[in-house]
Amino acid sequence: MITTNPVSPHLLTILDSLPDQIYQLNKAIKYNDYQQIIQYTSTTIDSIYQEKQLLLALFELRSHAYSKKGQFLDSIKNGRLMIEAAPASTLGYARLGQTLSTYGYQVSAVCVYNKGLQIVQQNNQSVNVDELHKRKEIAVQRLQKKMDPMSVFSDEIIQSIFSLFSQEVKVTCLQVSTVWRKKLLECSDVWRILKLGQNHKDFPLIGVVNQVTRHVTDLIIDQFTHGSVLSAYMKQLQGGGFENLQYLSFFAPYNYTIENPRDYFASIQMALFRVQNTLTRFDITVHPEHTSSSIKIATILSTCKNLKYLYYSSTASNLSNHVGDLTLLDDNHPNLINLCLHSRKLITGNDVAPILKRCQQLRRLVVFLCDICILDTIQNTAPNLEIFGLNCYFSSVTALEENITERNNDDEKTTGLRYLHLNTIKSNTPSSVAAIKILDLIYKNKATLETIHVEMPDDTTASTASTSIHRENEIGTPYSDFDLVNVKTIFCRSGNQRMEKALLQSIRTSSKLHDLELKRVFKTSLVIDSLIQMTPLNRISLRVSPQPLSIIDSNQTSKVNVDEKRLIQLFQKYAKLPNNTSLSSSMMPPCLTSLGLFYYNNITDNVIKALGQVNTLQEVQLQGLPNISTEGIIEFFKLGAHLTHVSLKRMDSITDDALNVLLNHKALSFLRLVYLKNVTEKGIRNLINKKHSKWMELEMGGMDQIPDSCILDAKKKVKTYRDVYIKQYQ
């Protein structure tokens with residue numbers, strides 16, 4: 001039977017027909033996961049609507065969870081639904097009264113309890129009568145004491161408490177009482193960041209717009225902002241109410257009908273005029289139907305002279321349609337240092353050049369959907385650029401440290417790119433052309449570059465690859481002194497031999513490089529030779545490029561043997577390095593802590609055993625290595641007591657026995673298993689039954705041989721479990 005308690009619901013103990021829902025719901029109740037309680041009760045309510053007694057209990061659970069989440073109105077609604085479902089029962093009145101009392105509405109709570117007691121008398125009931133009297137007495141006592149935390153805590157403590165709340169909860173707090181509303185509106189720090197986009201949940205913010213705006217420094221208006229809310233805040237923007245605004249993010253909402261787009265964007269321009277003295281960051285996305293009337297980049301720059309960051313996105317038309325008349329600027333923009341441009345149409349160098357010429361202080365530039373030919377424009381028109389991203393997600397490009405003192409343009413030793421993020425995979429430019437342009441840019445900034453992240457398309461056809469490989473001796477670089485002396489991190493997915501060879505040449509003498517990740521490697525021997533000669537690295541990841549069968553020559557076996565010997569030599573070099581975990585970071589010499597090997601046929605048992613001797617290794621990723629036997633991987637795992645993170649994918653050598661050896665190491669805290677066809681349910685159960693598995697994170701995917709019951713047990717026993725969904729061809 002269901003035990004119902006209007007204060008704190010107990011676990012459900014019936015419904016054998018819905019075991020999974022009940023299990024998940026009980027788990028959510030146990031851990032006070034109120035969002036999950038709302039989700040599972042809603043799902044179950046839809047399934048068993050006719051079961052009135054169960055329905056009441058589920059409504060009560062959901063009401064209780066809404067109350068704990070701070071969603072007062074939703075909690076009240078569910079209490080009323082209980083009364084509608086069973087008007088002769090006292091349960092709904094108990095739940096509704098409890099919510100009202102919790103949120104300070106003691107008079108209303110007493111009225112609800114009295115109504116419930118009246119129902120008891122009319123129907124000669126005795127169920128829950130004592131509970132109703134008890135709840136009513138508590139509400140009366142609260143009413144008499146008029147106890148309010150706002151009258152007990154200091155303003156500093158109140159502000160600290162409110163600052164921990166989400167905006168949704170703060171909006172709810174505005175409706176608790178007049179005292180709460182007054183206190184909350186006086187907390188300036190609580191309203192620093194204001195995001196509009198919760199639809200009807202933003203309505204209470206309309207009534208406090210005059211009190212809130214003076215505190216706001218960051219205003220974010222997204223595509224779900226309701227029209228009436230948007231109008232109220234746009235009016236304040238145009239009226240100068242946001243006197244301290246520093247960041248404005250504005251996405252023209254899809255669901256807001258613009259009767260006169262010209263006037264609409266004119267209002268945005270007026271808003272920018274009002275906040276021009278304080279605004280330092282501005283985001284705007286312009287949709288297709290607004291192109292002709294949209295606010296132009298030139299207008300933004302000429303209006304906001306203190307602007308440091310600008311994100312401008314055009315989702316349909318060419319960027320050139322949004323640049324505007326840059327002669328509006330009397331001189332170059334004095335402060336813009338961070339610019340992000342996004343378009344659904346190809347951005348060219350001619351589109352960007354006029355903007356860059358007017359923004360000579362620019363230190364970070366990210367351009368999405370752009371051709372590689374823009375690199376010529378960048379080199380010629382952006383002398384102070386430190387960070388450049390091409391066709392990369394804006395968040396993935398290194399952020400700008402604005403607190404660093406600007407570099408002296410007269411000192412040639414300190415000017416140049418520091419962080420380079422380039423992606424030309426979807427470009428129409430041939431790989432060979434892209435490689436030349438990228439290498440030229442890297443070479444010109446060789447003295448300053450610290451991070452290089454390059455992704456290029458492959459030489460797609462077998463004939464192209466064949467020609468490339470057989471002519472490898474002809475591939476060189478026109479640079480005799482190509483040394484990246486300050487580079488620390490390199491990620492390269494080139495699919496191009498010229499790029500691979502030039503980068504390896506440039507880092508052989510580097511003493512600062514600590515992170516190297518190469519994908520689509522052509523010449524593994526060249527890579528291994530470079531790694532042997534170089535200063536030791538902290539992290540290495542190698543993904544070998546698959547070669548067409550037509551170009552594999554008769555000497556392939558001897559090449560494998562040579563690579564095997566070089567790999568053993570490399571790992572023996574790292575094995576001799578001291579384990580410096582006991583030293584401070586400033587004293588630590590370089591040592592290998594993370595290694596990834598992907599689709600590398602030259603990795604054999606002898607190689608993997610040599611790797612096991614590297615006792616500084618903590619993280620390892622092994623994928624698609626067909627020449628390692630189960631005996632070899634077991635030997636590696638026996639030596640791997642120092643491993644903390646292990647990822648295994650498409651490894652036929654991984655069996656239950658191999659896993660069991662690995663899991664004997666208590667240092668292991670993360671394990672990822674993907675497409676391991678020789679691992680059975682027994683192996684997984686051995687894993688999750690280990691005592692230290694409760695501190696381990698486990699990820700699994702593509703393991704169709706493992707039954708759902710085993711996965712369900714894993715979710716219960718390990719610290720964190722995640723399903724991995726990966727496309728079959730990866």
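In the predicted model, the largest nonpolar core holds 182 residues, of which Phe-282, Phe-388 and Leu-673 touch the most other members. Such a core is a set of buried Ala, Val, Leu, Ile, Met, Phe, Trp, Tyr and Cys residues joined through side-chain atoms within 4.5 Å; buried denotes under 20% relative accessible area, exposed over 50% and partly exposed in between, with a 1.4 Å probe and protein chains only. Helix α6 (residues 106-123) supplies the largest share of this core, seven residues. Helices (H or I, at least four residues) and strands (E, at least two) are DSSP runs numbered from the N terminus. Beyond its neighbours within four places in sequence, Phe-282 is in contact with Tyr-247, Leu-248, Phe-250, Ile-268, Leu-272, Ile-300, Leu-307, Tyr-309, Leu-310 and Tyr-311, contact being heavy atoms within 4.5 Å. A second, separate core has 20 residues, including Leu-25, Tyr-40, Phe-59 and Ala-86.

Residues are numbered from 1 along each chain as its sequence is written, and side-chain values use heavy atoms, with hydrogens and water left out. Because the model is predicted, local features need pLDDT of at least 70 and side-chain atom pairs count only at pLDDT 80 or more, whereas totals for chains, interfaces and linings use all residues.

The axes of helix α20 (residues 497-507) and helix α21 (residues 524-533) come within 10 Å and cross at roughly 10°. Axes are lines fitted to C-alpha atoms, for helices over the stretch in contact, with angles from 0 to 180 degrees between N-to-C directions. Helix α20 is therefore roughly parallel to α21 (under 35 degrees; over 145 is roughly antiparallel, 65 to 115 roughly perpendicular and the rest oblique). Glu-500, Lys-501 and Leu-504 of α20 meet Leu-526, Val-527 and Ser-530 of α21.

Eight aromatic pairs are present in the structure. Rings of Phe, Tyr and Trp (its six-membered ring) pair if their centres lie within 6.5 Å, and planes under 30 degrees apart count as stacked, over 60 as edge-to-face and the rest as tilted. The pair of Phe-72 and Tyr-103 is tilted, because the ring centres are 4.8 Å apart and the planes stand at 50°. Phe-72 belongs to helix α4 (residues 72-85) and Tyr-103 to the loop between α5 (91-102) and α6, so the pair ties together parts 31 residues apart in sequence. Phe-72 is buried, with a relative accessible area of 11%, and Tyr-103 is buried, with a value of 11%. Phe-72, Tyr-103 and Tyr-105 form one aromatic cluster.
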